[in-house]
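Work through the exercises below with the model open beside you. Try each task before reading its solution.

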Number of protein chains: 2
Amino acid sequence: MSGSKNRLDAIQQHMTPEQKHAVAVDPVASMTEERAKAVFNIRELTYLLDGGEKTTLLKERFMQDFERDPLFKMDDIHDISKDELRERTMEKFRSLIHHLSNEPLDIFKKRMEIVSLIDPGFWTRFGVHYGLFVGALQSNATSGQLGYWFQKGALSLSGMVGCFAMTELGHGSNVPGLETTATFDEASDQFIIHTPTVTATKWWIGGAAHSATHSAVFAQLVVKGKNYGTKCFIVPLRDPKTYNTLPGINIGDLGKKMGRDGIDNGYIQFTNVRIPRAYMLMKHAKVSRSGVVKEPKLQQLTYGALLQGRVAMVVDSGHTSKKALTIAIRYAAVRRQFSNSKSDVETKLLDYPIHQRRLMPLLAQTFAMLFTGNEMSAMYNKMMGRLENAKSGDTDLEEVLEMLKETHSTSAGLKAFCTWNCLSTIEACRQACGGHGYSAYTGLAGMYQDFAVQCTWEGDNTILTLQLGRYLIGSYREAVKGKKLSPGVGYLNNLQQLIGKKCRADANLLDPQVIIEGWQVVCANVVQNAALEFEDCIKRGLDIDDAYEQCSQSRLYAAKIHSYGYLFNRFVDGVSKVQDNLKHVLMEVCLLYGLYTVEENAGAFLQYEYFSPTQMEQIRTKTNELCAAVREQAIPLVDAFNLTDYMVNSPLGRADGNVYVHYFDQVKRSNPQGPHPYFNRLIKPLIERQIDNDDDIEDEEAGLEEDEEEDDEE
Amino acid sequence: MSGSKNRLDAIQQHMTPEQKHAVAVDPVASMTEERAKAVFNIRELTYLLDGGEKTTLLKERFMQDFERDPLFKMDDIHDISKDELRERTMEKFRSLIHHLSNEPLDIFKKRMEIVSLIDPGFWTRFGVHYGLFVGALQSNATSGQLGYWFQKGALSLSGMVGCFAMTELGHGSNVPGLETTATFDEASDQFIIHTPTVTATKWWIGGAAHSATHSAVFAQLVVKGKNYGTKCFIVPLRDPKTYNTLPGINIGDLGKKMGRDGIDNGYIQFTNVRIPRAYMLMKHAKVSRSGVVKEPKLQQLTYGALLQGRVAMVVDSGHTSKKALTIAIRYAAVRRQFSNSKSDVETKLLDYPIHQRRLMPLLAQTFAMLFTGNEMSAMYNKMMGRLENAKSGDTDLEEVLEMLKETHSTSAGLKAFCTWNCLSTIEACRQACGGHGYSAYTGLAGMYQDFAVQCTWEGDNTILTLQLGRYLIGSYREAVKGKKLSPGVGYLNNLQQLIGKKCRADANLLDPQVIIEGWQVVCANVVQNAALEFEDCIKRGLDIDDAYEQCSQSRLYAAKIHSYGYLFNRFVDGVSKVQDNLKHVLMEVCLLYGLYTVEENAGAFLQYEYFSPTQMEQIRTKTNELCAAVREQAIPLVDAFNLTDYMVNSPLGRADGNVYVHYFDQVKRSNPQGPHPYFNRLIKPLIERQIDNDDDIEDEEAGLEEDEEEDDEE
């Protein structure tokens, strides 16, 4: 580096002051300067984040695949209409089905992770068939039924495309409250699927408007006048040869959304639609030819597959945050604004302490989410493995149910926590790009609009957070009774030591164990508070559901605080396994996450007096210092995310730092100059109108001067 | 009401259980039930919020005007393209110019407040000419120049349309750092306007792409090789007869944005464009025929008019929050989800404590912003009045400069605080509508996208908050020297009493004076901390600017805490002037705002030990109780906002509560059913493809079975 520095000095000797200034503010030079600051091996960090060199190489191959695939052209995405986007999104199916039939499923899943970052709308539309529809078959069909539908083309997408019709216009999270009915007609051995009211209309059904021939419909099973609750039925919607809707099916398009307009969400109304009895998926509940209903013993075992989407969203939150921060941090490294009194070169945004405060904690949080996503995936896979064994009787059922409960509540809480974090990260990054963050071409606006739905679907975030809160209260009550809890909530087994514990005045606030203990103390307190409030409600005679509702604010708070601590623990775990080269920088990032989140939750730490007001002041100072330290490695850290320019798809996030040139080019390419579209129709008559004839003097001309006063009062 | 109740009972006697259930969950009946809960005179509250019956009637007239004006049709706004939207937005000029020339300016300004709620994009596009361009003339032109441009049509919009070219691609907030040059050419008595680099390209210029003939251009004045800093020049851009750009002008369209696509933002490059010397606006700095530059003495006096936009945005934040909450709260009053064990009727969202927690504090905050907006407007008008007098020498100049400084920093801080609050209110309301919040037709998605820019333009929120922080530090240092401060920061005159003060253990936490004192104590502490940190930096040898940068995090924190306290004070002031009928309900709302914000900032209150941990627990409980109390009046409170269905423009926010029917109608109207748009081109070949010929068995067919292993590893 010093060689090129000397060469630069030599060149500068012959420059005019203007030329020197131009070099000093050159964004490409600024980026190079930042990149040269790396004190760690960037490539090794990439391997670590990806889970190994092999995965990194795989991801790089996928990124190249898509970049070169004309169907995955993304730089004009902001200027095509919803209808064009819908059509282009369908077109991509072809390319992805090719890969699906040519690579092992776990490899293909990695490919889908990349797709979700390139085009989240397409990811969802493809996922509606393969994740939701095929997932519904796998969870609910007998093996015979599964074979039937696979043979009919459900897996190969030949002759049929599926969608997943659960939610209704008037019914979202409350699945047992769905209104659609599936009434068994013994005479014909058929079910009659029916939408009884407007609010029973199936709503938000991805793929319904233009893609699907079949639907997995959730409806109330009614046999001989008795309601057996919600079950899943396969209902044909369209003739695959013409795509005309079948008799009794009314489908419409839900139209424009905040984002993900590539998905053709629709509504479906069923009017006495008849399907064979065998189209009810009978892995669990069964209805016999004579109308005898057999209900499953362990309904819970069917829930496992439903968690897959939530786990994917935890992982996706980390990945999407990477993309948002790549844009905002690279831009901050080259954007200059104001100069101090000693220089005529404006200061990089990244050098402002306040800008470091805006972005560095979010960078740290992204790492926390990435480590957590890995852990969550591992927990899910382990649980699913045990679940499979349980079905064949190989594992202790009680233990599996316990794992299922833990995975369920952990994934619920983390899905909510991480998608909220990611959404606010995107918005913070957007605002950190100033006015340019409002342009569609800089990518963050669309990213927000696409991501926002993650806070609602597959379980509204507030409801999911409350589910985690309920699990925490339950765990607390079990811990009090002496039960040994699973590691994630293991701190509740140490209530006696934790409640009332204070940090030593001379403790090292940069010791991760001090922060871990702090979170444990605070978590133990807030969970205990929620549990005591719950028990108080029970004592006052409320039933369990009402008691949980009454303490919902404490429950939500407990779940949030628990999630902060949980992420910090995952981060510390992750760093502890790292070799020396990376350990130093990652530990700084980890401590920043720890202290920043303590500061954000200062109320809790002071409330339970783990940290004193003095320590809290020190934590603020140290957080500032850590922001400044992490800022030094910010570009190398972002480089380690290893997203290509194609993936980032934002001129502000270009690796070379040449942001203004790329941005200007993109704007010009997207908006070619041409003749004025409406000058003659609108502007000409407006600015050439005769002012003398204007209405404000008509009264006068008509001799009505005396009415002026009245008019004014009107 | 009890008569209709009896009638309902009588009807229900003859109903089937299904019919009874349908009545119980009927959204219209739910809304009627909520409306009947009003314990105050809704109309009187509307008058109070509007500032009197006369204004309410005026607003109602305007709402009707626009609803009936075909150009202001808004229900199809989500489905038209950017180009159509641009054209329609231009079309609205005609209607508004008619009103502008027919009603007094203060009445017209009320009309514009309504317009900003109906169509924020149009509001901005119209405001670019009348607010920014004409505003630039009024602030910077001599009276002779003003007459010249008005006579040319600047006021009547005849023969010319203006735009405002300040920001550049590489330069936003730092106006002195703009690169565009205006070089005086003595020979021709002209200025040469020039864009020297790509980063000097004028960027984000509203109206540039399709509307403007002239631009108020901010450029570095260069005379005889010397730079005199940024001044304002009127530069013709287009021939008004043809709208062809003039020689040396290169204009392009900035294209798609996050929202407000009705504004035709563009870029402008000037290549040695010559304008007469007289086109420099010379109210302040002057350049004579011979190139003598005369600079103004009191540049500050020119800033007053620039604050108008910020003040308008404080007011707009309150209004837009009203609109968002009308939607979310009305929906929550009729949407039902889950039932408890004792009922088969699902519970209203609004009856869930957690949903009350999501929306009631935001409702309270909206009232706080409305009272603050009124106060801010009054402060601004008073200051501008004094400023006018000062110019004619009637007022003490020092006092006026003091007022200007206070108005400047207060409006800066409140613009940031209120626009941030409003943006998160919109998002919280959107999420509170569940999945339906993601539909474009329910209005909140677009509202977010349109509003988001308010956090950036007319001063980036972070920078503005820091400006308030700087003012607070300055005020603190003056207070320490014994100066009596203006009321907004008057608490800094009582540092001795406030620092270290604790709330009495038996204090009534529902006494607004206790909360006011709490905010004063906390504000005094955080401002003092920031000031001491600043002084420490100075002692360590930093210059003033660097010292302010170093303490920016404390400065930001101080400004935020100050703003919370400021809003609560305005709310209490506002309520104190109210008559008995409204006082009770408004005081509940006010206390909710007070305690909720204390809870949100628990860290600060515990840090400075104003409230004890025990009191903080009590505050949490009381906040829950206040949420439940305000919930009872939520629909009447929202009704008092007095926005018509046309204004709210969301089926979920309809006054009659018939949300599902209106929503379904809107979706169907916006997306008529028709033939499949791409079945033959894309879907048919996909689902009818011959799987047997698919690539996954090609190897086998070609006899390459032995390569399989290698392929897998690829």
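**Exercise 1: The axis between the copies**

Gly603(A) is the residue of chain A that comes closest to the rotation axis, at 1.8 Å (C-alpha). This is a predicted model, in which local features need pLDDT of at least 70, side-chain atom pairs count only at pLDDT 80 or more, and totals for chains, interfaces and linings use all residues. Residues are numbered from 1 along each chain as its sequence is written, chains are lettered from A and ligands numbered from 1 in the order in which they are written, and side-chain values use heavy atoms, with hydrogens and water left out.

Task: State which rotation and shift superpose chain A on chain B.

Solution: 
- Step 1. Two copies of a chain are related by a rotation about an axis and a shift along it.
- Step 2. Here the rotation is 180° and the shift along the axis is 0.0 Å, with an RMSD of 0.0 Å.
- Step 3. Contact means heavy atoms within 4.5 Å.

**Exercise 2: Chain A as a whole**

Task: Find how the radius of gyration of chain A agrees with that of a compact globule.

Solution: 
- Step 1. For 714 residues, a compact globule would have a radius of gyration near 27 Å. The rule is 2.2 Å times the number of residues to the power 0.38, and the radius is taken over C-alpha atoms.
- Step 2. Chain A has 30 Å, which agrees.
- Step 3. Along the principal axes, the C-alpha atoms of chain A fill a box of roughly 95 × 85 × 70 Å.
- Step 4. Of the 714 residues in chain A, 58% are buried. Buried means under 20% relative accessible area, exposed over 50%, and partly exposed in between (1.4 Å probe, protein chains only).
- Step 5. Chain A has 27 helices and 11 strands. These are DSSP runs, numbered from the N terminus: helices are H or I with at least four residues, strands are E with at least two.

**Exercise 3: The buried face of a helix**

Task: Say which residues of H3(A) are buried, and what covers them.

Solution: 
- Step 1. Helix H3 of chain A spans residues 27-35, and its buried residues are Pro27(A), Ser30(A), Met31(A) and Glu34(A).
- Step 2. Down the axis of H3(A), these buried residues fall within an arc of 95°, so they line one face of the helix. The arc is that of the directions from the helix axis to the C-beta atoms.

**Exercise 4: An annotated pair**

Task: Find which residues the UniProt annotation "binding site" covers.

Solution: 
- Step 1. The unreviewed UniProt entry gives Thr167(A) and Gly206(A). Such annotations may be inferred rather than shown by experiment; positions follow the numbering used here, and feature names are shortened.
- Step 2. The pair is spread over 40 residues of sequence but clusters in space, with a largest C-alpha distance of 10.7 Å.
- Step 3. Thr167(A) sits in the loop between strands E1 (162-165) and E2 (181-185) of chain A. Thr167(A) is partly exposed, with a relative accessible area of 26%.
- Step 4. Beyond its neighbours within four places in sequence, Thr167(A) has contacts including Gly172(A), Thr201(A) and Trp204(A).

Methods. Least-squares fit on C-alpha atoms with pLDDT ≥ 70 in both.
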